[in-house]
Structures are given as C-alpha cells and as structure tokens.
Amino acid sequence: MRIRQMGFSQRLKAHRKILTLETLKFIAEYLKDRDAKMAALRSGVPENYASRQGAWLKKHPIVLAALENELDEREELKLNKAIAEIERQMELCKELLGLQDY
C-alpha cells in the first residue's frame, strides 16, 4: 500500500482550525519583527527547515486571522506570559506521564 503525501494546499485545509503551541509561538515571534524565517527559528523550528516552515505558517488561516488584530505592547506581553505558562504546564504534564524525552 502506498501512502500519498499531502500537498501544501491539502495540509492547509486539514489543519485550518487547529491551534498548536508551535503555531502560537510562531505568531508571538512573528509579531516582533514580521520575519517568518526568524520567527520560525525562535519558535523552535530547526534551522534547515525554518524558511519553508515560516512561509507555510505565515499563510496558515489561524495565523492570518491572528495578525489581523493589532496588539499593543501590553497585549503582546500578556500573550508571551500565557505562552510561557502553557509551556510550563506542558512540561508538568510530560513529567507526570513520564514523557520527559519527548
């Protein structure tokens, strides 16, 4: 049985309504300087994949919707604090489940 690789437009459609922690980090980083590659790097994407992933994320419907809203400095700070709290909670969950290596 052959598995067909999904094309770019199919991936966008399949993940149109899913907000992941990685996408959330990308949005927060992209708001800083509007550089997709650097935002992808800062949000944890490997360097050899950052340019492509940044370009893909920049076209993601959730990212586009988030970028339509203008955030002031205070709101950006709140967003970054919320992301840090989510990351802390994720680490706690990994520890409880014995998934520290993942």
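Is Lys 94 buried, partly exposed or exposed? Lys 94 comes out as partly exposed, because its relative accessibility is 22%. Keep in mind that this is a predicted model. Here are my notes on it.

1. **Lys 94 and its partner.** Lys 94 has a salt bridge with Glu 91, and their closest N and O atoms sit 3.7 Å apart.

2. **Another pair in helix 6.** Have a look at Glu 85 and Arg 88, whose side chains form a salt bridge at 3.0 Å, N to O. About one helical turn separates these two, because they are three residues apart in helix 6. Glu 85 is partly exposed at 34% relative accessible area, and Arg 88 is partly exposed at 48%.

3. **A linked set of charges.** Across the whole structure, the search turns up six salt bridges. One of them joins Asp 33 to Arg 42, with 3.2 Å between the closest N and O atoms. Asp 33 is partly exposed, with 39% relative accessible area, and Arg 42 is partly exposed as well, with 36%. Shared partners tie Glu 29, Lys 32, Asp 33 and Arg 42 into one salt-bridge network.

4. **Helix 2 against helix 6.** Now for how the helices pack. Helix 2 covers residues 21-33 and helix 6 covers residues 73-97; their axes come within 11 Å and cross at roughly 150°. Angles over 145 degrees count as roughly antiparallel, so that is the label for helix 2 and helix 6. Their crossing is left-handed. On the helix 2 side, the residues in contact include Leu 21, Leu 24 and Ala 28, while helix 6 brings Leu 79, Ile 83 and Met 90, among others. Sorted by class, this contact between helix 2 and helix 6 has eight nonpolar residues, one polar and four charged.

5. **Helix 2 against helix 5.** Helix 2 also meets helix 5 (residues 61-68), where the axes come within 10 Å and cross at roughly 40°. Helix 2 and helix 5 are therefore oblique to each other, and the crossing is right-handed. Thr 23, Phe 26, Ile 27, Tyr 30 and Leu 31 of helix 2 touch Ile 62, Val 63, Ala 66 and Leu 67 of helix 5. What classes do you find in the contact of helix 2 with helix 5? Eight of the residues are nonpolar, one is polar and none is charged.

Key. Residues numbered from 1 in each chain as written. Predicted model: local features only at pLDDT ≥ 70, side-chain atom pairs only at ≥ 80, totals over all residues. Heavy atoms only, no water. Axes fitted to C-alpha atoms, helices over the stretch in contact; angles between N-to-C directions. Helix = DSSP H or I, 4+ residues; strand = E, 2+ residues; numbered from the N terminus. Parallel < 35°, antiparallel > 145°, perpendicular 65-115°, else oblique. Left-handed = near helix turned anticlockwise from the far one by under 90°. Contact = heavy atoms within 4.5 Å. Nonpolar A, V, L, I, M, F, W, Y, C, P; charged D, E, K, R; others polar. Salt bridge = Lys/Arg side-chain N within 4 Å of Asp/Glu carboxyl O. Buried < 20%, exposed > 50% of the residue type's maximum accessible area, 1.4 Å probe, protein only.
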